[in-house]
Amino acid sequence: MKSMKLIGLILAGAALTACADLDLAATPGDKSVDRGIDSKHLSTLVAGIWVDPNGCDHWIIDDGVEGYLSERMTPDGRPVCSGVAPPSTAVGPFKSGGAIPDPVRASNFR
């Protein structure tokens, strides 16, 4: 029984290693390219701002199927809490740039 578990672990590890090598971008590990249905460089998308429940800002992009979020930081690494909108709200054209329509309305997340 132990040998069967060992063989199973080896096969699972080999399968996961093979998946990690499947990088469809020109540069392996390049996270700046959307590899989905409407593949494009992420710099072509427009970000908005989502304000978290603590009042701090996060960059947000909605590409229809995928979404991207990162915390807004000052050059010295502190979070930006600008007060641009009430907490738990998104503002700006963050749904621009994607060809896939978003079936879920933003108002469903308030």
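## Asp52 and its surroundings

In this predicted model, Asp52 touches His58, Pro87 and Ser88, leaving out residues up to four places away in sequence. Asp52 sits in the loop that runs between strand E3 (48-51) and strand E4 (57-62).

Asp52 is buried but has no salt bridge. The nearest side chain of opposite charge belongs to Arg72, 11 Å away. A salt bridge would need a side-chain nitrogen of Lys or Arg within 4 Å of a carboxyl oxygen. The side chain of Asp52 does have polar partners: a polar contact of 2.9 Å joins it to the side chain of His58, and one of its polar atoms lies 2.9 Å from the backbone nitrogen of Cys56.

Ser82 is found in the loop between strand E5 (67-71) and strand E6 (89-91). Its relative accessibility is 44%, so Ser82 counts as partly exposed.

Apart from neighbours within four places in sequence, Ser82 is in contact with Gly55, Asp57 and Arg72. With Asp57 there is a polar contact between the two side chains, at 2.6 Å. A polar atom of the Ser82 side chain also lies 3.3 Å from the backbone nitrogen of Val84. Ser82 and Val51 are 31 residues apart in sequence, while their C-alpha atoms are 8.9 Å apart in space.

## A nonpolar patch on the surface

Met4, Ile7 and Leu11 form a nonpolar patch on the surface. Together these residues have about 330 Å² of accessible area. Ile7 is part of helix H1 (residues 2-20). Ile7 is partly exposed, because its relative accessible area is 45%, and the limits for that class are 20% and 50%.

How values were computed. Residues are numbered from 1 along each chain as its sequence is written. This is a predicted model: local features need pLDDT of at least 70, side-chain atom pairs count only at pLDDT 80 or more; totals for chains, interfaces and linings use all residues. Side-chain values use heavy atoms; hydrogens and water are left out. Patches are made of residues with over 30% relative accessible area and no salt bridge: like charges are joined within 9 Å, nonpolar side chains (Val, Leu, Ile, Met, Phe, Trp, Tyr) within 5 Å. Accessible areas come from the Shrake-Rupley method with a 1.4 Å probe; for residues, only the protein chains shown count as cover. Helices (H or I, at least four residues) and strands (E, at least two) are DSSP runs, numbered from the N terminus. Buried means under 20% relative accessible area, exposed over 50%, partly exposed in between (1.4 Å probe, protein chains only). Lys and Arg count as positive and Asp and Glu as negative; His and the chain ends are not counted. A polar contact is a pair of N or O atoms within 3.5 Å; within protein, one must be able to donate a hydrogen and the other to accept it, and residues adjacent in sequence count only if both atoms are side-chain atoms. Contact means heavy atoms within 4.5 Å.
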